[in-house]
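I would ask you to keep the sequence and the structure in view while I talk.

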Amino acid sequence: MIKPLLQVRNLSLGFTRKTDDGSDILTIDALSDISFQLHAGETLALLGESGCGKSLTALALMRLLPTQARFQTGHVLLGSDQQGGRTEDLLRVSEDRMRQVRGRRMAMIFQEPATSLNPVMRIGEQIKEVLKLHRAMAGSDADEEVLALLAQVGLPDPQRAASAYPFELSGGMKQRAMIAIALAGDPDILLADEPTTALDVTLQAQILDLIAVLQRERQMGVLLITHDLAVVSARADRVAVMYAGQIVESGPVAQVLQHSTHPYTRALLAALPEKAVPGQALAQLSGRVPPLGSWPMACRFAPRCAIREPHCVEESPPWVLLPGADSLELQHHGRCWRVGDETISDDQPLALLAEPIHPIEASPVLTVSNLRVRYQPSSQGMLHRLSRVLSRKPVKPVRPVVDGVSFNLKPGETLAIVGESGCGKTTTARAILRLIDSESGDIILNGNAIVGAGIKPVNGWRRDVQMVFQDPFASLDPRQRIRQVLSEGPVALGLPASEYNNDSLVRLLDRVGLPPEALDRFPHEFSGGQRQRVAIARALAVSPKVLICDEPTSALDVSVQAQILNLLQKLQAETGVAYLFITHNFGVVRYLADRVLVMQAGQVVETGDTEQLLSRPQHAYTRALLNSVPMLG
Amino acid sequence: MTISSLLNNLSQSLWVWLVTDVLLWSLFVLLILSVVVILRSPLQRAVWQKVFHQRLAVVSAVLLAVAASFALLDSIHLREPLPRATQDMPVRYSVEVNSVLDLLLVDLRKDHEKTYSAPLAVTLAALEPVTVSLPDGTIEVRREAPRLKVAGAAFPPGPVDETTYWLDVVQRADLGAVGGALFFGVLGFIFMLLRRISSKNEQTNRIAWRWVAYTLASLCVLGGIFIGLSSNFHVFGTDKVGQDVLYQVLKSLRTALVIGLVPTLVTLPLGIALGLSAGYFRGKVDDVIQYVYTTVSAIPGVLLIAAAVLSIQVMIDNHPEWFATAVERGDIRLLALCIILGMTSWTGIARLLRGEALKMREFEYVQAARAFGVSAGQILLRHVLPNVFPIILITLVMEFSSLVLAEAVLSYIGIGVDPTMFSFGLMINNARMELSRDPVVWWSLTAAFLFMVILVLAANLLADAVRDALDPRSEGQS
């Protein structure tokens with residue numbers, strides 16, 4: 001049997017924290033009993049929702065931890081790169097030795113390429129730094145190696161990329177440069193911490209392909225940290241599912257995804273909109289990952305578990321090996337009392353959504369025709385503008401961000417707008433809300449023209465269209481109580497006071513599934529999903545006819561996403577509100593949308609019924625977009 | 001002076017409310033109001049709890065509070081009635097305007113020496129011809145340092161024996177310390193009683209109260225020692241005209257606080273209004289405001305201040321009829337100085353807030369408010385202003401120390417406060433000549449330096465603590 005490159009055994013880690021009166025120091029468990037191994041040429045995925053300790057695990061392997069972190073037990077055994085060399089325990093070597101390991105044996109790429117590159121150094125210099133440190137290369141050798149590396153990561157013009165500063169590169173190119181830096185030390189292990197989360201779908205596919213190719217060439221072990229089940233399914237060999245600082249299930253990807261034993265893995269899979277039948281409610285996982293320091297004593301998943309038994313909250317579940325594995329690599333483990341329990345069936349009864357009370361009507365509530373939006377070139381000083389006016393030089397027109405977009409939306413209908421970032425999706429939405437001025441085109445909302453030549457609408461129309469924003473952490477004013485947040489709209493629009501008295505606000509909260517006590521709390525007391533519920537309630541407070549949802553679930557975890565999508569479905573069935581749903585997640589599109597509109601570079605390239613468009617895309621761009629989406633196997 | 005005679009005096013005197021008195025007291029009322037608001041809001045409360053979890057912040061806050069109480073006592077001015085010849089004569093008031101602090105420190109204020117004397121000295125620091133009749137009947141004129149008029153009165157005339165002197169010093173210091181400790185004990189006892197009676201403070205901040213107690217205890221003991229020594233000595237010596245230096249530094253506290261706080265009354269409205277509207281409205285509004293503050297900050301501040309202060313001084317000199325007393329005249333100059341300091345220092349906060357508003361107008365909650373058609377003014381007031389409040393607060397506290405230091409510099413070059421007033425800057429200015437004398441007169445400068453450093457350091461430390469607590473990025477690090 002080949003020895004694994006990296007073996008992590010019973011790694012436990014805690015955070016020290018002062019007690020509230022500052023007199024004592026507590027240690028809070030952050031990682032417990034993490035064990036896994038990584039072989040050369042293999043991809044192991046660490047899967048889990050945010051706050052489960054995935055990134056912390058990667059940082060612990062590199063010993064790049066915040067000062068409050070303390071290792072408690074465990075070993076991180078790194079196999080030697082020489083034949084017959086000894087394995088080292090990385091938790092017990094000196095900091096000097098560790099610095100040789102970082103970058104040389106194990107390299108890391110991060111989620112956000114924009115902040116992990118040094119903005120004042122050229123890409124080439126940043127790579128050379130690694131070459132000098134770990135491979136003692138300098139001068140022309142190093143220059144050649146830099147170009148070779150940049151060519152390897154698929155940058156079209158390595159010469160230019162080497163002399164470029166990070167801001168001169170696009171997001172995808174930055175991530176490629178980041179990978180080149182990671183490869184410069186010729187590492188045996190690559191730790192990729194959500195390497196594609198910040199990127200578009202098409203770029204995501206390219207970067208993952210690149211990592212796969214490089215891995216094959218160099219026989220690297222890759223530890224891929226992700227929350228995306230589809231990425232795991234398409235890219236990983238084995239997967240370890242993490243929950244609340246523990247690995248709850250691990251094994252070969254096909255095994256884990258198709259015959260999952262742990263209820264958490266199952267719930268994650270069931271919550272995916274890709275798996276659901278449109279019109280049916282998504283299986284949802286109630287609650288969220290408990291915050292650090294309040295993890296249950298016994299089974300950490302027990303409070304959210306649907307198949308919980310009494311002893312689950314009393315005794316920690318065992319780490320069970322499932323039968324049928326021939327070799328170590330194919331072993332499938334689960335941390336649950338009910339592993340192998342035949343009585344649990346995979347298909348839980350799913351609730352059907354309520355029949356829509358408001359069927360889709362024929363006459364559109366929102367009609368957009370030939371909408372064109374152009375951003376003015378960034379404002380220069382007064383003198384610049386003055387001199388331009390005086391010299392009467394014609395202003396060079398910039399390319400419009402939204403160029404002749406037309407569509408209509410019927411009551412009770414959901415129209416999804418998909419496309420890469422920068423294609424003008426969000427700009428269209430903001431132009432409809434008149435948050436930015438459009439250059440030309442007409443928008444007719446509920447029979448009233450709100451944008452068009454010579455129209456100066458009063459604010460009354462604003463109650464007919466509202467928006468739910470992407471980031472629930474930025475969309476609520478941190479200094480306002482929920483009561484103020486919810487009543488802001490009705491007050492500003494001059495609605496009667498009965499629209500925002502205590503009773504109607506409580507009713508509003510009830511509709512989005514929040515308790516009445518929430519009214520007097522501040523946003524920071526809520527989780528991401530709850531905040532998004534508040535944001536939806538705020539928009540609904542003025543009972544709009546059209547609700548624009550700008551990627552409302554992209555910042556949320558899978559289980560929370562299912563809750564929010566179910567809520568949106570329910571609200572539409574109840575009130576007949578029309579959704580303009582901006583997203584890049586095709587699973588969500590398939591599940592929620594009636595019609596789809598594909599945008600590229602400010603123009604509509606294809607539009608049609610969801611089912612038809614997804615199964616038989618006509619335009620080349622739509623096909624490219626669909627192909628780059630990782631699908632569950 | 002006993003308390004009863006002080007009260008009697010207060011009831012019969014003519015009250016004089018100087019402009020800066022009113023401003024300082026209204027700032028104090030404003031502070032009390034904001035404390036009430038903070039106590040009511042759980043969010044704010046949590047933040048300030050965090051501030052006062054830091055020992056240095058607590059100590060600084062107590063020091064500043066003590067300095068502020070001196071300044072506030074010094075900001076109640078009155079004119080004492082003159083003795084009447086007959087009962088039915090109308091009451092006339094003295095032209096001398098005194099503050100309550102002056103009345104409390106009457107011994108320090110009234111008891112002048114002839115000229116310089118070192119701290120705790122019993123003789124002058126200057127040599128004078130003294131006529132001595134020798135035992136053999138001849139008369140000799142020697143140059144020696146004569147005994148002080150006020151200090152050392154407890155000793156018999158003639159040279160003071162070293163042991164007697166030190167015994168006396170130690171005795172008085174000890175007595176004062178014990179008195180201070182007793183005073184603190186009584187204070188603590190009353191406080192405990194009050195707490196026992198109300199006894200609802202469940203979540204009191206234990207660390208904070210413990211350090212408040214430590215600081216107050218040391219201040220009480222220190223104050224006791226000062227009072228004890230003052231009964232026979234000048235603790236910080238005397239200046240050129242023989243005035244007690246301790247009295248001068250205590251009086252300077254008010255000037256420092258006025259200079260540190262009143263300009264913000266000008267800075268804040270200008271800085272907030274212009275900064276926020278520049279950032280929020282952008283375009284032409286931004287252009288105009290940016291040009292204004294770039295221009296203002298391009299003019300050398302000292303020149304502008306010198307020009308303004310000198311022209312106001314000319315105006316004051318030309319209209320002696322406007323002012324009933326010299327104190328009022330000095331006060332108007334102080335106010336003018338504050339206003340002009342405010343006019344030159346609003347650009348920093350305006351620039352800061354412009355950046356914040358630029359960033360914040362793109363925040364999704366501001367967008368959501370705009371989607372409801374909320375007016376720009378309402379958005380600025382309800383969403384932007386509350387969220388930049390921490391920044392404003394931090395800038396204010398930082399500004400305080402730089403203003404106090406600016407006063408010292410301005411008074412040093414002669415365009416600061418009126419020379420009839422007391423201020424750290426004036427004391428330092430006087431020290432220019434004193435340091436070149438022989439023997440060196442170091443105590444005046446040292447006392448001013450010591451008090452100013454403590455005041456500014458306390459303000460800076462408090463500002464640091466406030467910034468740490470209000471900065472969301474420091475969340476979770478402790």
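This is a predicted model: local features need pLDDT of at least 70, side-chain atom pairs count only at pLDDT 80 or more; totals for chains, interfaces and linings use all residues.

Residues are numbered from 1 along each chain as its sequence is written, with chains lettered from A and ligands numbered from 1 in the order in which they are written.

Let us begin with the sheet. In chain A, four strands make up an open sheet, ordered β14-β13-β16-β17, with antiparallel pairing. Helices (H or I, at least four residues) and strands (E, at least two) are DSSP runs numbered from the N terminus, and two strands pair if DSSP finds at least two bridges between them. Which strands stand at the edges? They are β14 (402-409) and β17 (448-451) of chain A; each has a single partner strand, so one side of each is left without a neighbour in the sheet. On average, neighbouring strands here are turned by 20° against each other, direction ignored.

Strand β13 of chain A, residues 366-373, is joined to β14(A) by six bridges in the antiparallel sense. Among the residues involved, A:Val368 has A:Phe407 in β14(A) as its bridge partner. Across β13, β14 and β16 (440-445) of chain A lies helix α13 (residues 425-432) of that chain, running at about 115° to β13(A). For such angles, axes are lines fitted to C-alpha atoms, for helices over the stretch in contact, and the values run from 0 to 180 degrees between N-to-C directions.

I turn to the two chains. Contact here requires C-beta atoms, placed from the backbone, within 7 Å. On that basis, 26 residues of chain A are in contact with 23 residues of chain B. On the chain B side, two or more residues each come from α8 (206-230), α10 (283-298), α13 (364-371) and α14 (376-412) of chain B. The most come from α13(B), with seven residues.

Finally, the backbone angles. A:Asn10, in strand β1 (residues 6-18) of chain A, is not a glycine, yet has a positive phi of about 45°. A:Glu551, in the loop between β19 (546-550) and α17 (558-575) of chain A, also has a positive phi of about 45° without being a glycine.

How values were computed. Two residues are in contact if their C-beta atoms, placed from the backbone, lie within 7 Å.
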